[in-house]
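Student: I would like a close look at a single part of this model. Please start there and then connect it to the rest.

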Amino acid sequence: MIVDKIKKRQVVQTNKKSRIDIPIGKWTRCDKCKNIIYKEELRENLSICPYCGNYFKLHINRRLDQILDKDSYKRFDFEVETKNPLELDDYPKKIETLRQKTNILEAVSIGTGKINGEELVICVMDSGFMMGSMGVVVGEKITYAVEQAIKLKLPVVIFSASGGARMQEGVLSLMQMAKTTEAISRLDEAGLLYISVLTDPTYGGVTASFASLGDVILAEPNARIGFAGRRVIEQTIGTELPEDFQTSEFLLEHGFIDKIVERKDLRDTIYNIIKFHKKEV
Amino acid sequence: MEKKNTAWSKVEIARNPKRPTSLDYIKYIFDDFMELHGDRISKDDKAICCGLANIGNQNFTVIAQQKGRTTKENIERNFGMPNPESYRKAIRFMKQADKFNRPIITFIDTKGAYPGVEAEEKGQGEAIAESMLTMTKLKVPIIAIVIGEGSSGGALAIGLGNKVYMLENAIYSVLSPEGFASILWKDSKRTEEAAEKMKLTSKDLLNFGVIDEIIKEPKKQEYNEAFTENVAMKIKEQIIKDIEELKTMSKEELVNVRYDKFRKMGC
């Protein structure tokens, strides 16, 4: 439900029949202000539109580069094969195509890294891979990462970007909500810090499980965050919703996140929060 | 009813408004049931009923999703679609059960958590997550039974049991067949096809290892007191059997067994 609204927006972003002929590769267009931006410039600006400040979605590697000390990321050596429990005809092919296109294996990458020398476990989701949806692999990886954090006695930071549970894996996707929540529960019992960072978009089964369970919950500005998708709600109530509904600012106002942090400040903010949780002085 | 054994026919059965609701079964399963109300924050949302119950000397906490039968009842129960206040009420009763060492029985029967403006403003996602998190920490036995529709996170929110059961004709899924068809095929009318693909019947869920067992229903889907009593007695038997087994476990074991159960799902 949620997913398809988001998908529609993406279509706009990559629409090849747009009126202006954009040479593929070097240039891109801002979804919000429609300005044409040199990709290199966008990249140097943390993937934020230099004209209107719109946040572009981030590839996992880009996010890791922005947050962690240089070369400090060590990906966990833990791979799970994406299965096809509903035996859908085109699902395995879709996964394969996405892997080639995005250069990542699944919608989340897990590992350890450092911020100013402080070690942490980090999970980064990527909405460019099946809308960042949580199937068995995503559930497994996040759970594994959290379990490793307990073993290594490290804080956990999870960057969520997800349309919710992955319906292509049916009820097994739903059960990943329970699995990841169990893992967060153990982390909690172990007295370890969990910082949840919500980025655009965070919805459905991800909002309704680990993403909402951080000791501290941060969000990027203007990210769309919610449980039910906007369109589903509009259908239910029969009217259009205001522009700011389900944004980070909306959530902050209603008391569901701790702080909105600009992309350029995320690294420092996470570092400071970790320091506030150091047990010995 | 020529296509009797299709997944879609199960969806129709599970959704049949004449089918017994949680409170109908509760009446037969327990010797006594006293409903108690409110989340102690702002509201008594009626899509989830909570209360105290007993079978003989054994006391229980009951947490049940409740659909209505008439239009008036359905409006009162919000068509069985819980708002955050329902989950927060459930959380309150879970913690109370833990304090007084009462096993918890949950009944699942919902199209999903309510997708409304106020529900979002009050943190539907957080309420569901918190309900699951609370269940992971409970040191009492939990038995969850899907009696009709078990759809999405709104159902799972009270579903983290040491034992999880489904009635034979219940369904349990990540979203509705309508949602599945509209997202995957951009065609909300292909619901029957979606239901077949989704593997949402009790048999499917048993094969996936998501549920422990199927509770049989009478062959004839004729919803009268005899039907309700028949099914209720089977549920009761299962509860009594399980409680015997679960009571031999230590508090830590109950928590760990639950962890392992969900840890394995999908692997």
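Over which residues of chain A does pLDDT stay under 50, and how many contacts beyond four places in sequence does the model have for them?

Tutor: This is a predicted model, and the part you ask about is residues 4–19 of chain A, where pLDDT stays under 50. For these residues the model has 11 contacts beyond four places in sequence. Chain A as a whole averages a pLDDT of 92, and 91% of its residues score at least 70. For chain B the mean pLDDT is 96, with 99% of the residues at 70 or more. The scores for the model are ipTM 0.97 and pTM 0.94.

Next comes the meeting of the two chains. In chain A, 42 residues are in contact with 41 residues of chain B. Several helices of chain A each supply at least two residues to the side that touches chain B, among them helix 1 (2–14), helix 5 (136–152) and helix 8 (230–237). Helix 6 of chain A gives the most to that side, with 14 residues. Sorted by class, the side of chain A that touches chain B has 23 nonpolar, 15 polar and four charged residues.

Elsewhere in chain A, some backbone details deserve a look. Most residues other than glycine have a negative phi, and most peptide bonds are trans. A:Asp71 is not a glycine, yet has a positive phi of about 60°. A:Asp71 sits in the loop between helix 3 (60–67) and strand 3 (74–75) of chain A. With 9 C-beta neighbours inside 10 Å, A:Asp71 counts as exposed, because the cut-off for exposed is 12 or fewer. A:Gln246, also not a glycine, has a positive phi of about 65°. The place of A:Gln246 is the loop between helix 8 and helix 9 (248–253) of chain A. A:Gln246 has 25 C-beta neighbours inside 10 Å and so counts as buried, the cut-off for buried being 20 or more. The peptide bond that joins A:Asp200 and A:Pro201 is cis, with omega about -10°. A:Pro201 belongs to strand 7 (residues 194–202) of chain A.

Now for chain B. Chain B has 12 helices and eight strands. Its radius of gyration is 17 Å, close to the 18 Å that the globule rule gives for 267 residues, so chain B is as compact as a globular protein of that length. Along the principal axes, the C-alpha atoms of chain B fill a box of roughly 50 × 45 × 45 Å. Of the 267 residues in chain B, 53% are buried. Among contacts in chain B between residues at least 6 apart in sequence, 72% join residues at least 24 apart.

Two helices show how parts of chain B meet. The axes of helix 8 (residues 177–184) and helix 9 (residues 191–198) of chain B come within 8 Å and cross at roughly 100°, which means that helix 8 of chain B is roughly perpendicular to helix 9 of chain B. Residues of helix 8 of chain B including B:Pro177 and B:Phe180 meet residues of helix 9 of chain B including B:Ala194 and B:Met198. By class, this contact has six nonpolar, one polar and two charged residues.

B:Gly56 is exposed, with 8 other C-beta atoms within 10 Å. The C-alpha atoms of B:Gly56 and B:Asp31 are separated by 6.9 Å, although the two residues are 25 residues apart along the chain.

Key:
Residues numbered from 1 in each chain as written. Chains lettered and ligands numbered in written order. Predicted model: local features only at pLDDT ≥ 70, side-chain atom pairs only at ≥ 80, totals over all residues. pLDDT = per-residue confidence, 0-100. Contact = placed C-beta atoms within 7 Å. Helix = DSSP H or I, 4+ residues; strand = E, 2+ residues; numbered from the N terminus. Rg over C-alpha atoms; globule rule 2.2 N^0.38 Å. Nonpolar A, V, L, I, M, F, W, Y, C, P; charged D, E, K, R; others polar. Axes fitted to C-alpha atoms, helices over the stretch in contact; angles between N-to-C directions. Parallel < 35°, antiparallel > 145°, perpendicular 65-115°, else oblique.
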